[in-house]
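This briefing covers ring pairs, nonpolar cores, a helix and a pocket, grouped by topic.

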Amino acid sequence: MIDENLLEPDCSKCAALCCVSLAFDKSDMFPIDKPNGAPCPQLDKNNGCKIYDCREAEGYHGCMNFNCQGAGQRVVQDLFGGRNWHFEQSLLNDMTSAFVILLRAHELLSLLKAAEALPLTRGELDQFEGFVEELNPDDGWTEALLEAFEKGKTEKRVYAFLKTLRHHVA
């Protein structure tokens, strides 16, 4: 079983990693171009959004629709012990890289969470539980585990597994 709280974002325990790590292009979703690794110009020194209450009017629709599914606080709290790149600029690259990787792991967990509601067979349930263990290590993520995830084939294996579940929804 996947704990729903695991996939709930808690911005108060993050360091605005989505506002730094992710790139966006000027479009209907964003009024400006921003490269990955660069803080959004709307980000204040306390990890808050200067235009939070008027994001829609300012054209930041992408921010309103984004959900890190809990990856941000896990990077900050679990991997970096609550440290913040705002106060330790040397952490920025490592935190950004970790966030991008862990975001992918949390997206996979979210897909698996949806699959959890299906009437899985014993074999499917065994595979499901194995993936959940890989994507939510008992002792938490480490930089070494993130690197292994990045180099490994877990994503391909999860997507292949999810395709095998089509018969449950057809």
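This is a predicted model: local features need pLDDT of at least 70, side-chain atom pairs count only at pLDDT 80 or more; totals for chains, interfaces and linings use all residues.

Phe 161 has a relative accessible area of 2%, which is under the 20% cut-off, so Phe 161 is buried. Phe 131 is buried as well, because its relative accessible area is 6%.

**Aromatic pairs**

- The structure contains five aromatic pairs.
- The ring planes of Phe 24 and Phe 30 meet at 10 degrees and the ring centres are 3.9 Å apart, so this pair counts as stacked.
- Phe 24 and Phe 30 are both buried.
- For Phe 131 and Phe 161 the ring centres are 5.5 Å apart and the planes are at 50 degrees, so the pair is tilted.
- Phe 24, Phe 30 and Tyr 60 are linked by ring pairs into a cluster.

**Nonpolar cores**

- The largest nonpolar core has 41 residues, and those touching the most other members are Ile 2, Leu 17, Val 75, Trp 85, Leu 112 and Leu 135.
- Helices α4, α5, α6, α7 and α8 (154-164) each contribute at least two residues to this core.
- Helix α5 gives the largest share of this core, twelve residues.
- A second, separate core has five residues, among them Phe 24, Phe 30, Ile 51 and Tyr 60.
- Apart from neighbours within four places in sequence, Leu 135 contacts Arg 74, Ala 105, Leu 108, Leu 109, Leu 112, Trp 141, Phe 149, Thr 154 and Val 158.

**Helix α4**

- Seven of the nine residues of α4 (residues 71-79) are buried, so the helix is mostly covered.
- The buried residues are Ala 71, Gly 72, Gln 73, Arg 74, Val 75, Val 76 and Leu 79.
- Their cover includes α5 (92-115), α6 (122-135) and α7 (143-151).
- Gly 81, which follows α4, has a positive phi near 55 degrees.

**Largest pocket**

- The volume of the largest pocket is about 680 Å³.
- The lining of this pocket has 28 residues, of which Cys 11, Cys 18, Cys 19, Cys 63 and Phe 66 are the closest to the pocket centre.
- By class, the lining holds 20 nonpolar, six polar and two charged residues.
- Both α1 (18-21) and α3 (61-65) supply at least two lining residues, and the largest share, three residues, comes from α3.

Terms used:
Residues are numbered from 1 along each chain as its sequence is written. Side-chain values use heavy atoms; hydrogens and water are left out. Buried means under 20% relative accessible area, exposed over 50%, partly exposed in between (1.4 Å probe, protein chains only). Helices (H or I, at least four residues) and strands (E, at least two) are DSSP runs, numbered from the N terminus. Contact means heavy atoms within 4.5 Å. On a 1 Å grid over the protein atoms alone, a cavity is a set of points where a 1.4 Å probe fits but cannot get out, and a pocket is an open set with protein on both sides within 12 Å along at least five of seven lines; lining residues have an atom within 4 Å of a point. Grid points are joined across faces, edges and corners, and a volume is the space filled by probe spheres set on the points. Ala, Val, Leu, Ile, Met, Phe, Trp, Tyr, Cys and Pro count as nonpolar, Asp, Glu, Lys and Arg as charged, and the others, Gly among them, as polar. A nonpolar core is a set of buried Ala, Val, Leu, Ile, Met, Phe, Trp, Tyr and Cys residues joined through side-chain atoms within 4.5 Å. Rings of Phe, Tyr and Trp (its six-membered ring) pair if their centres lie within 6.5 Å; planes under 30 degrees apart count as stacked, over 60 as edge-to-face and the rest as tilted.
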